[in-house]
Structures are given as C-alpha cells and as structure tokens.
Amino acid sequence: MMRSQKEKMLAGEFYNAADPEIQADLLATGAWLKRYNDTLGQTTGHWHELLSERLGEVGRGTVIRPPFFCDYGFNIRIGANAYINFNCVILDVVEVKIGQGTAIGPAVQIYTADHPHDAEQRQAGLQVGRPVHIGSRVWIGGGAIILPGVTIGDNAVVGAGCVVTRDVPAGAKVVGIPARVADPHKQA
C-alpha cells in the first residue's frame, strides 16, 4: 500500500509539502496560531490550555510566551516546567522533543525541516525532516538557531546567537557560529 505524503513526512522520508492533506494541517495550525498569538496579556494557565489543544505534549508548568510560530504543532513534545520566550519558531515537520526544565531565550529557531541537496529533487518540491531532541535543564540563549537532526544533551548551554549544526554533549557549553564547545579555561 502506498503511503501518503503526510505519512512520509512524519517518517522522515522525502515528501511533497504541496500535498492537500499537509496543506490542510498547515492551515489549521495557522488558525490556531492566530488564536494563540492573540492571547498576549492572558494568564499562563490560558496559554497552557491552548497549547494542549495543538501540541503533541505539553508538560505541567510549561510556558510559551506569544508570539510563537510552528508548522504543525502536533510534532512538538515539551516536558514539565519548560520556558520558551517570545518569538520562538519551531519548524516541526518531524518530532521536536524539549526536556523538562529547559529554558529557551527569545527569537530562538528550531528547524527539523530540510531540503534535498540535489537540485532536481528541490525543483520537484521535495522536502525532508530530521528530528531535533533537546534534553532536560538545557539553556538556549536568545537568537540561537538549532538545525535539523541535532540532539542537545541534558544540562547543556547554548550561547546566544549560536548556530548549532551538530550534536551538543550533555553538560557542554557551546558558543559561536558554527557552535563549538567552549574552552572551559578561557573567559567568555
């Protein structure tokens, strides 16, 4: 039996994002995002209720300050007591996991969406996703960009403005573009 484009997307295979089912999901998420982003000034409890409507999992005590932007929402799983500041963008064509107690600064961008490196595949409209996993008690500074397929270990620190292109070990501190493990003997 042939798999749908959405099934291919969720499996991390090449898919065509112009597929009607995928486009319907994007429109539904867009309507939900409009509702969510219009709640600036509401209580965190109200935010949590709305997040629970669309996200795959939202742990108790988790806060995402609007405005917030994502592709689908249902591929995002966030543990308890996580905090995501204003203007976060999560392109969640496949799973994004964010562990408990993780704090994400303003304007952070988390991308699972990727495009083929082959020009003909790109021209054909194909896309692909690679999951992003962020551990527990991680701190991600403002303006950081997390690229597709990256795993960030528990208790890691990602400096503001970093572009994270590869996995970050648990407990490590990364800085720069591209992000590299900071020398613990040098002052920042």
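Me: What radius of gyration would a compact globule with 188 residues have, and what does the chain have?
Reply: A compact globule of 188 residues would have a radius of gyration near 16 Å, and the chain has 17 Å, which agrees. The radius is taken over C-alpha atoms, and the globule rule is 2.2 Å times the number of residues to the power 0.38.

Me: What kind of model is this, and how are residues numbered?
Reply: This is a predicted model, in which local features need pLDDT of at least 70, side-chain atom pairs count only at pLDDT 80 or more, and totals for chains, interfaces and linings use all residues. Residues are numbered from 1 along each chain as its sequence is written, and side-chain values use heavy atoms, with hydrogens and water left out.

Me: What box do the C-alpha atoms fill?
Reply: Along the principal axes, the box is roughly 55 × 45 × 25 Å.

Me: How many helices and strands are there?
Reply: The chain has 4 helices and 20 strands. These are DSSP runs numbered from the N terminus, with helices being H or I of at least four residues and strands being E of at least two.

Me: Which strands form the open sheet, and in what order?
Reply: The open sheet has 5 strands in the order β2-β5-β8-β13-β16, with parallel pairing. β2 (57-58) and β16 (151-152) stand at its edges with a single partner strand each, so one side of each has no neighbour in the sheet. Two strands pair if DSSP finds at least two bridges between them.

Me: How many bridges join β5 to β8?
Reply: Strand β5 (residues 76-78) and strand β8 (residues 96-98) run parallel and are joined by 3 bridges. I76 has V96 as its bridge partner in β8.

Me: Changing topic, how much of the chain is buried?
Reply: Buried residues make up 44% of the 188 residues. Buried means under 20% relative accessible area, exposed means over 50%, and partly exposed lies in between (1.4 Å probe, protein chains only).

Me: How many aromatic pairs does a search of the whole structure find?
Reply: The search finds 3 aromatic pairs. In one of them, the rings of Y36 and F68 have centres 6.4 Å apart and planes at 80°, so the pair is edge-to-face. This pair links distant parts of the chain, with Y36 in helix α2 (residues 20-37) and F68 in strand β4 (residues 68-70), 32 residues apart. Both Y36 and F68 are buried. Rings of Phe, Tyr and Trp (its six-membered ring) pair if their centres lie within 6.5 Å; planes under 30 degrees apart count as stacked, over 60 as edge-to-face and the rest as tilted.

Me: Which residues are linked into a cluster by ring pairs?
Reply: Ring pairs link W32, Y36 and F68 into a cluster.

Me: Where is T102 found, and is T102 buried or exposed?
Reply: T102 is found in the loop between β8 and β9 (103-104). At 1% relative accessibility, T102 counts as buried.

Me: What does T102 touch?
Reply: Not counting residues up to four places away in sequence, T102 touches N81, A82, Y83, I134, G135, S136, R137 and V138. Contact means heavy atoms within 4.5 Å. The C-alpha atoms of T102 and S136 are separated by 5.5 Å, although these residues are 34 residues apart along the chain.

Me: Which residues does UniProt list for the domain?
Reply: An unreviewed UniProt entry lists residues 6-60 for "domain: Maltose/galactoside acetyltransferase". In the model, that span is 62% helix and 7% strand, and its end C-alpha atoms lie 29 Å apart.

Definitions and conventions. UniProt positions renumbered as here; feature names shortened; annotations may be inferred.
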